[in-house]
Amino acid sequence: MNVRQEKLLDFMAEGAGQLRIPVFQRPYSWGADQCGELWRDVCRAGKGSLQHFAGPLICMPAEGASLYVVDGQQRLITVSLLILALAEHIEASGADGATPGASALRSILLMPSCEGAARPKLTLSAADDAAYSALVLSEPPARDGSARVLDNLGFFRSALSSGEASAEQLWRGLRGLYVLLVELDPADEPQGVFESLNSKGVQLTTADLCRNYLLSALPSREQERLYGEYWEPIEDLFGDDPGSLRLNNAILGWLTVRFRRIRAKGDRQAFAVFKRYMQEEYRGSLEELLGELYSFCAVWAENYRYHAVKAYKSAANWATLGAKTLVSDRPLKPVSEQVKRFYAQYFGINVKW
């Protein structure tokens with residue numbers, strides 16, 4: 001087994017062999033939510049000339065010079081569709097700029113001619129391959145085309161036409177994608193490696209992901225201070241909370257109040273929405289956010305213990321009132337003295353907004 005960090009586009013462009021999705025892999029299943037998250041990650045990486053980790057990619061030798069993609073096909077296919085949409089956009093607009101040009105972009109998706117005919121470098125599963133191949137080779141779409149492949153290419157086409165990001169920015173973002181490339185030897189057991197990377201251990205909760213996102217980039221002393229002053233008290237509010245289920249639910253509730261433009265559909269989407277809120281809308285400091293989240297969780301924790309608090313519908317209802325927002329374009333009115341007394345009496349919170 002050989003494990004190394006590699007730029008995703010370098011991996012896709014190098015070599016003459018095909019990248020093949022094994023028949024035992026599930027069909028292409030990413031939808032608009034995953035495409036949107038990839039789009040935002042690439043745009044952010046391109047805007048700041050940053051690197052972005054796109055996850056692990058597991059490959060093993062196939063016939064000839066080909067490789068089987070044992071894990072990572074969803075990301076690989078979706079990035080390929082984004083590259084294809086970018087190539088089409090450059091062809092239509094002539095906006096080469098600092099990009100390598102449409103023909104060079106397409107060369108990443110195509111392998112050299114084989115017996116006089118070009119073919120896509122990436123071969124998808126049987127259900128998706130005809131549609132993908134036709135798109136890459138600019139041929140008429142397959143009659144029984146994969147809806148996911150066609151819809152997701154349409155998503156990226158629309159995103160590019162919106163002008164949200166330039167071709168140059170997207171190219172920088174794509175160049176910033178890197179993967180942890182795991183190349184298996186013929187003697188390795190691919191299913192065992194796949195299970196170890198995807199199924200072993202306990203998955204990170206929404207609370208884990210949010211905490212790591214907020215604190216991981218800080219110096220160690222600042223991490224320890226903010227964790228001790230805010231995050232640890234937040235966790236303590238919910239007592240014995242296996243899997244952080246109550247805290248996860250509280251974060252989802254807070255997002256519903258704070259990020260009204262986008263709604264997380266359940267706990268599994270909460271972190272993606274949280275990250276988007278932090279990147280696109282939040283304007284305060286990290287300490288202000290942690291302080292507000294602590295205050296919100298203090299009230300939310302009581303909702304699990306006393307139904308009377310859940311049923312409280314006056315001006316003190318947190319979901320209606322919220323803390324004074326830190327987003328400049330959505331100010332809320334200061335609370336009344338009656339509301340301040342309510343929170344002080346029932347929750348021990350000294351409301352200052």
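Modeller: First, a term we need: helices (H or I, at least four residues) and strands (E, at least two) are DSSP runs, numbered from the N terminus. This is a predicted model, in which local features need pLDDT of at least 70 and side-chain atom pairs count only at pLDDT 80 or more, while totals for chains, interfaces and linings use all residues. Residues are numbered from 1 along each chain as its sequence is written, and side-chain values use heavy atoms, with hydrogens and water left out.

Biologist: How many helices and strands does the protein have?

Modeller: Counting such runs along the protein gives both totals. The protein has 16 helices, and its strands number 8.

Biologist: What percentage of the residues is buried?

Modeller: Buried means under 20% relative accessible area, exposed over 50%, and partly exposed in between (1.4 Å probe, protein chains only). Among the 353 residues of the protein, the buried share is 46%.

Biologist: Is Gln74 buried or exposed?

Modeller: Gln74 sits in helix H3, which covers residues 73-93. Its relative accessible area is 6%. That value is under the limit of 20%, so Gln74 is buried.

Biologist: Which backbone nitrogen does the side chain of Gln74 reach?

Modeller: Contact means heavy atoms within 4.5 Å; leaving aside neighbours within four places in sequence, Gln74 is in contact with Arg26, Pro27, Tyr28, Ser29 and Trp30. At 3.0 Å, the side chain of Gln74 reaches the backbone nitrogen of Ser29.

Biologist: In the largest nonpolar core, which residues touch the most other members?

Modeller: A nonpolar core is a set of buried Ala, Val, Leu, Ile, Met, Phe, Trp, Tyr and Cys residues joined through side-chain atoms within 4.5 Å. The largest one holds 51 residues, and those touching the most other members are Leu8, Met12, Trp39, Ile83 and Leu174.

Biologist: Which helix gives the most to this core?

Modeller: In soluble globular proteins, nonpolar side chains tend to be buried together. Here the top contribution is 11 residues, and it comes from H3.

Biologist: Are H3 and H7 roughly parallel or antiparallel to each other?

Modeller: Axes are lines fitted to C-alpha atoms, for helices over the stretch in contact, and angles run from 0 to 180 degrees between N-to-C directions. Angles under 35 degrees count as roughly parallel, over 145 as roughly antiparallel, 65 to 115 as roughly perpendicular and the rest as oblique. H3 and H7 pack at about 155 degrees, with their axes 11 Å apart. These two helices are therefore roughly antiparallel.

Biologist: Which residues of H3 and H7 make the contact?

Modeller: From H7, the contact uses Ala167, Leu170, Trp171 and Leu174. From H3, it uses Val79, Leu82, Ile83, Leu86, His89 and Ile90.

Biologist: Where is Ala165, and which residues is it in contact with?

Modeller: Ala165 lies in the loop between helix H6 (147-161) and helix H7 (167-175). It is buried, with a relative accessible area of 7%. Leaving aside neighbours within four places in sequence, Ala165 is in contact with Trp39, Cys43 and Leu170.

Biologist: Ser49 is not a glycine, so what is its phi?

Modeller: Most residues other than glycine have a negative phi. Ser49, in the loop between helix H2 (32-47) and strand E3 (52-61), counts as exposed at 56% relative accessibility. Its phi is positive, at about 50 degrees.

Note on methods
A polar contact is a pair of N or O atoms within 3.5 Å; within protein, one must be able to donate a hydrogen and the other to accept it, and residues adjacent in sequence count only if both atoms are side-chain atoms.
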